Each structure stands twice: as C-alpha cells, then as structure tokens.
Number of protein chains: 2
Amino acid sequence: MQSNYRPSLSQQGRNPTHAVSAVNEYGEAVDVSIPGELALTIHLEESEIVTLMTLGTRPEELALGYIRNQRLIDDIHAVKSVKVDWDKQLVMIETHSEHVAKDWRNKMFKRIVTSGCGQGTIFASTLEELAKTTLPDAKLSQASIYRLIKNISEHNAVYKTAGAVHGCALCCGEEMLIHVEDVGRHNAADAIAGYMWLEDLQGGDKIFYTTGRLTSEMVMKAAFMGIPAILSRSGITQMGLDLAKQLGMTLIARAKGKHFLVYNGAENISFDDKPAPR
Amino acid sequence: MQSNYRPSLSQQGRNPTHAVSAVNEYGEAVDVSIPGELALTIHLEESEIVTLMTLGTRPEELALGYIRNQRLIDDIHAVKSVKVDWDKQLVMIETHSEHVAKDWRNKMFKRIVTSGCGQGTIFASTLEELAKTTLPDAKLSQASIYRLIKNISEHNAVYKTAGAVHGCALCCGEEMLIHVEDVGRHNAADAIAGYMWLEDLQGGDKIFYTTGRLTSEMVMKAAFMGIPAILSRSGITQMGLDLAKQLGMTLIARAKGKHFLVYNGAENISFDDKPAPR
C-alpha cells in the first residue's frame, strides 16, 4: 500500500447540458437547455450492483462514492480501476482481490428505496453500520456560514443554465472544496464521497452543503462521510431530523440570503453576525 | 368479478406535518412544521417487495400504485386487502391467489435506481412493458391550462406548511381530481396510480401535474397510467424528453403563472389565451 495511491480512472465525464427547442406561452419556438440524464450500471468485478440515472459529469467518482457510502469496500487501495463505457451504459470497478472484503455480496441482499428528491437506495446492512458512526462536534460561526453561502451561490452552473438538477458541495469553513450537480442529490452526494475517498479527505472539519431537502438518506450519507454539519437551502423531514439528533449532527436548513433555521446543534454555532433587528 | 369491486383497505393515513423547535438567524427559538418521513415496507403475500420512505398520508393507495406501476399485478380484482401496520412499518397486500400472475416474482429480479427528486426504483422487466404502451393524443387549450394551474395552486397544503414535499395531481380538463403530496414525487405519483386503480379511472383524457422535475421515471409512471399529457412546475431532463417523444406524450414544463414551455406535443395545444405581447 503506497501513500498517495490512486486507482486508474477513465475520464468519461459528460457535458451536462443539451440544447433543445421548446414552444413558449406565446406559441413561439425558443431554444433552451436541459440537463442530461444517463443510465449508468455499476459493476463491481463480475457483479452488477445497481443502475443509477445520472447527469454524467463525474461518473467515476459517483461509482466509487456509491460503493463507499454503501460500505461495500472499505479501503481505496482495494480498487484497481474504474472504467466508464457510456456506449454500454456501465462502469466497471476492478479490485485488487486480496483487499476486498469477503462479505460484500451478502450486503446486497436487501435494498431500501429512500425518499424523494435525491432519493436512492440504501442496502439494509448499511444501516446497521450507521449505529457505529460517531461524529465530532461541529464548530461553526454565523459570519462564516454567510460567507460560505455567498461563495456557493456563484456555482450551480447547470442549474442556472438548464435547471432540473441539485447541487451538493463539500466545504471547509467558508471555503468550497468541490461542487457537484446531478439529476439526483443522492448522486451528487455520492460523487463527493468518491472524491473524498480518492483524495483521502476526512469529514470531521467539513460542512456538507446541498440545495436539496434533508431526508434521512442525506443525513446518512453525510454521516458515512464523517461530516458533522449539513447546510441546506431546502427543508428537512422528520426522519432526517431524528437521525441527526441520534448522530449529534448539526443541521441547518432553509438557508437563503441571511435567513436560516438550525434544527439541531444550535449550541455548536457562534451567532456572531446577527442581522439588524426587524 | 363483481363491478365496483374494492379490496378491503385499512385507514391508516398519517398526519403529514409535525411541530418542532428550531433556532433562527437571530438566535431565537421558533416553532416550525416539518413533514413526516416514515419507512413503509410493502409485502405482497409472503414476499417483501420494497421499502419506501413516505409522508404516510395515503399508504394503502401508495402500496397499490407501486405494485400497479411496476406491473406486478394487472387486475384490481386480484387484490383482497391492503393493511398498514405503522408499528411494524409495513403494509400487507393479500391477494385472491387465483387471479395473481404467476410470474411476478421473476419481475423482481433486477431493480434500477432512477434519478433525482422523485426518484425510486423501476424493475427492469417493467421497462420492457413500456414499449407496448400506446397513448392517445392529448387535446389541451391554453385557457384551460391556466385555469388548471390556478386550481392546483390552492392546494399544496403540506408544502405551504412544512415544505420539503412534492405534490402531484390527476387532472381532467381544468378540474383537479386528486392531489397527493409526499416526500418523494414518485410516491405521490404511485399513490395517484393506486387511486386510479381503485376508482377504475382511465388515463386517456387526463393530465398529470407535478411540482417536481420530469425525469425519465415520471414520464414512465404517467405512461403506465395511460396519461398522454404532463404539466410540471419544474424542468425536464433529456431522458424524460426522449421518452416522451417516443411515447407521443405532451410535455409542458416550467409552468408558473402565465409562463410555460412545451417540450413535446405543441401541436396538441390550442394557443387560445396568449398573454399580451411583451
């Protein structure tokens, strides 16, 4: 196991937007952009794991992050290569077999279809591992949250052009380290997990940002990445909140402009930049 | 097989919203509502089909619609009862076994995780049936689209109270027949399919409305319901558009106020209420 190890990756990211013609309310033909949506079936060695529908900009990181967030492989050194073939709509993950956990096939037995916008599947065995997860306390300041929101708002490129995607970002303090858009926020989250795995980044000092809603699945994915704080432009669900409380995760939602609501972990936030009283 | 047949249904719809306390940007505690998110595992006879995360307001129709849209049972007369037990997080579908297709277990072999907001799973065998689907041409007028949008905007109760849900509606002309909200738009669509199945409603003269994005899965679900027109407040993806073109489905997206974009089937719309020139 060398340090700075990286598996061999294909470079098959796709252009996210496509020009099409539509007819507007005046009956006029107009040129508009829409996001791509591509089927991508993940193969781990000879086994087919799942088919995801994705924007396709970061297919290698998406496949790696999916495998990682489902806890099918624990060590990046076990991954030999990740090769995408769009003609066949598949991504092949090859492993150094000596590193691969023997039980990953067992983990695939039961899948759960999770909710809503940015939904996906979770293997039931994955949930059992969640209980073992411990997160450090987040330490956040309101001023740096505001600067982070401003930094992030300059991205969301596909959304601005074509709509119909969600953005997720990995952040450290007020800095955005990586921003990923996809047709499903769960895919964007998995691609970020793949990036962290490749770059050997730990989650303890990070913030996970998403434009999407904080359902239980998004809280789980952040927990598996070891990230103790989530910031969302949208709302949360009851199970997302319940899980965050169990995990001790700081949960900030409805973050737009100067407004936000802290649903869990307000004690971890320094309110050092309160807006002028209303 | 009697007419007006209805299976026995439990009445276990849950209250969709929950009051919780949050802390706002002034550091003040505020009372807010958030939507529920409940796990519900569908059992068809002794077999576990899938676990869905749902708002829980229409669990019986959701379970029926899921089974129906996956083409696991073709005839409502085959369904004896649908019973929800929230304590066990499951819904049991019992059948009159003489009516049940023998091959539904085979259909469960391969699942595809579909995209994004309103995502879900589709059984691969389900896709094969899509090619057999033929839809009538939609006949729409701009004036009635505007009246329909106005009628729908008076609903979305959970979204207005608690956010973080999607709404779907089954419409006929400018009339809204049923409106369902859920944490995932795919669940809302399935619950509408369950309602249509129970009420023996055909889709040919209907419009399917959704607040969510028109990914391939939403187009498929509308096609399986036999509905030839979709109206969305959000955008569309390339695969959603490609499928709609194959199916001859009229696709109207970005519908807000007087604005909309027709991505497919503009020839089926009478532009009889164009806004004043800009």
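Strands S4 (residues 38–44) and S5 (residues 47–54) of chain B run antiparallel to each other, paired over 7 bridges; pairing here takes at least two DSSP bridges between two strands. Strands (E, at least two residues) and helices (H or I, at least four) are DSSP runs numbered from the N terminus. This is a predicted model, with local features needing pLDDT of at least 70 and side-chain atom pairs counted only at pLDDT 80 or more, while totals for chains, interfaces and linings use all residues. Residues are numbered from 1 along each chain as its sequence is written, and chains are lettered from A and ligands numbered from 1 in the order in which they are written.

Back to the hairpin: 2 residues sit between S4(B) and S5(B), and B:Glu45 in the turn has a positive phi of about 50 degrees. B:Leu38 has B:Thr54 in S5(B) as its bridge partner. S4(B) also pairs with strand S7 (residues 90–95) of chain B, this time in the parallel sense and over 4 bridges, with B:Ile42 opposite B:Val91 in S7(B).

Then there is the other chain. In all, 57 residues of chain B are in contact with 56 residues of chain A, contact being C-beta atoms, placed from the backbone, within 7 Å. On the chain B side, S5 turns up again: S2 (17–24), S3 (29–35), S5, S8 (111–113), helix H8 (238–247) and S16 (259–264) each supply at least two residues. Strand pairing crosses between the chains too, as S16 (residues 259–264) of chain A and S2(B) run antiparallel, joined by 2 bridges. There, A:Leu261 stands opposite B:Asn24.

Definitions and conventions:
Two residues are in contact if their C-beta atoms, placed from the backbone, lie within 7 Å.
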